[in-house]
Amino acid sequence: MDGTASSRTPEGSPDHCPICRAAIRLEPSQIVGDLPCPSCSVLLWFVKTTTGVHLYDARDVKPVFERLVVVLADRDIDVTRLMTGKIDSIELLKLVMAAEDSAGWNITDEDAEQIRSPGDALHYLLSRLL
Ligand SMILES: [Zn+2]
């Protein structure tokens, strides 16, 4: 565990603690969850995407995630299915669009192309909401 910290992108750099920048290697079986940083002990949220495991400060994510759950529940979308990855890619896109629609956003084609897994969708939604 040496701190080879070449942090070019503060947000969106996968596998690094957003607080202390320690590299965190994990192979989560879940798409989303929380864990304390092994280096600075701050509670982090992880989201597993196709580009890596993105880590957020849990204090930032919690209220945003709660908002997201409400938005999705309004559209009869069960967020736990997203979190456990039990949805297909078409459902996934519908879900992101529904969330964007009700929040008054506009998803671009480029953005839509980046979304290939439930984790990608969640990361996208969180990064827009944070
Ligand atoms: Zn840390």
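**Close-up 1. S41 sits in the loop between β1 and β2.** The model shown here and in the other views is predicted. S41 has a positive phi of about 70 degrees, although S41 is not a glycine. The relative accessible area of S41 is 56%, so this residue is exposed; the cut-off for that class is over 50%.

**Close-up 2. R21 is another residue with a positive phi that is not a glycine.** The phi value of R21 is near 70 degrees. R21 belongs to the segment before β1. Its relative accessibility is 29%, so R21 counts as partly exposed. That class runs between the 20% limit for buried and the 50% limit for exposed.

**Close-up 3. Four cysteines hold the zinc ion.** The donor atoms are the SG atoms of C17, C20, C37 and C40, at 2.3 Å. Along the chain, the donors follow the spacing C-x2-C-x16-C-x2-C. C17 lies in the segment before β1 (32-36), while C37 lies in the loop between β1 and β2 (43-49), so this pair ties together parts that are 20 residues apart in sequence. Angles among the four donor atoms run from 106 to 112 degrees, and the site is tetrahedral. The tetrahedral class asks for all angles between 85 and 135 degrees. Both C17 and C37 are buried.

**Close-up 4. C17 is viewed with V42 and R59.** C17 is found in the segment before β1. With a relative accessible area of 0%, C17 is buried. V42 is 25 residues from C17 in sequence, and their C-alpha atoms are 8.9 Å apart in space. R59 is 42 residues from C17 in sequence. The C-alpha to C-alpha distance between R59 and C17 is 13 Å. R59 belongs to helix α1. Is R59 buried or exposed? At 59% relative accessibility, R59 counts as exposed, whereas C17 is buried.

**Close-up 5. W45 and F65 form the one aromatic pair of the structure.** A pair of aromatic rings is described by the distance of the centres and the angle of the planes. For W45 and F65, the ring centres are 5.0 Å apart and the planes stand at 55 degrees, so the pair is tilted. Planes under 30 degrees apart would count as stacked, and planes over 60 degrees apart as edge-to-face. The pair links distant parts of the chain.

Close-up 6. The lining is made up of T49, T50, T51, H54, D111, Q114, I115, R116, D120, H123, Y124 and S127. How does this lining of the second largest pocket divide by class? Seven residues are polar, three are charged and two are nonpolar.

Terms used
Residues are numbered from 1 along each chain as its sequence is written. This is a predicted model: local features need pLDDT of at least 70, side-chain atom pairs count only at pLDDT 80 or more; totals for chains, interfaces and linings use all residues. Side-chain values use heavy atoms; hydrogens and water are left out. On a 1 Å grid over the protein atoms alone, a cavity is a set of points where a 1.4 Å probe fits but cannot get out, and a pocket is an open set with protein on both sides within 12 Å along at least five of seven lines; lining residues have an atom within 4 Å of a point. Ala, Val, Leu, Ile, Met, Phe, Trp, Tyr, Cys and Pro count as nonpolar, Asp, Glu, Lys and Arg as charged, and the others, Gly among them, as polar. Donors are N, O and S atoms within 2.8 Å of the metal (3.2 Å for Na, K and Ca); water is not among the atoms, so sites may look incomplete. Four donors count as tetrahedral if all angles lie between 85 and 135 degrees; four count as square planar and six as octahedral if opposite donors are over 155 degrees apart and all others between 65 and 115; anything else is irregular. Helices (H or I, at least four residues) and strands (E, at least two) are DSSP runs, numbered from the N terminus. Buried means under 20% relative accessible area, exposed over 50%, partly exposed in between (1.4 Å probe, protein chains only). Rings of Phe, Tyr and Trp (its six-membered ring) pair if their centres lie within 6.5 Å; planes under 30 degrees apart count as stacked, over 60 as edge-to-face and the rest as tilted.
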